[in-house]
Amino acid sequence: PYKGQEFDNLEEVFAFYNKYAKEAGYNIRIHSSQKSKDNNEILRKEYVCFKERKSLQSNACVGSGSKRRRPIVHDGCGAKLAVVKSKYGKYVSGFDNRITNCF
């Protein structure tokens, strides 16, 4: 992926970035999206590495009375692809390849 890359629809964006991410060794998820107030059309969507956010929990037990220790899966990876719908109807990408701690 590169900045300014164009896609016809969001399904094409997801298929392309999902394939790229798998080849690079990580999984993606939808981080955020923005819809038009007029027609509910998606104007912006951001896909990030599954491990993108910093975890707020430690290795300590979570919840009251919980004895189960849950692993931390989020480690602050910075890889993401954001697309914005242009006035010509195509989705244009802004790519950030800061893959850190993903592996």
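**Reading a tyrosine cluster and its core**

Author: Tyr17 and Tyr20 sit three residues apart in helix α1, so about one helical turn separates them. Helices here are DSSP runs of H or I with at least four residues, strands are E runs of at least two, and both are numbered from the N terminus. This is a predicted model: local features need pLDDT of at least 70, side-chain atom pairs count only at pLDDT 80 or more, and totals for chains, interfaces and linings use all residues. Residues are numbered from 1 along each chain as its sequence is written, and side-chain values use heavy atoms, without hydrogens and water.

Reader: Is Tyr17 buried or exposed?

Author: Buried means under 20% relative accessible area, exposed over 50%, and partly exposed in between (1.4 Å probe, protein chains only). Tyr17 has 0% relative accessibility, so Tyr17 is buried. Tyr20 is partly exposed at 23%.

Reader: How many aromatic pairs does the structure hold?

Author: Rings of Phe, Tyr and Trp (its six-membered ring) pair if their centres lie within 6.5 Å; planes under 30 degrees apart are stacked, over 60 edge-to-face, the rest tilted. The structure holds four such pairs. Tyr17 and Tyr20 have ring centres 6.1 Å apart and planes at 15 degrees, so they are stacked.

Reader: Which residues form one aromatic cluster?

Author: Tyr17, Tyr20 and Tyr26 do. Tyr26 is buried, as is Tyr17.

Reader: Which residues touch the most other members of the largest nonpolar core?

Author: A nonpolar core joins buried Ala, Val, Leu, Ile, Met, Phe, Trp, Tyr and Cys residues through side-chain atoms within 4.5 Å. Of 16 residues in the largest one, Val13, Tyr17, Tyr26, Tyr47, Val83 and Tyr91 touch the most other members. Helix α1 gives the most, four residues.
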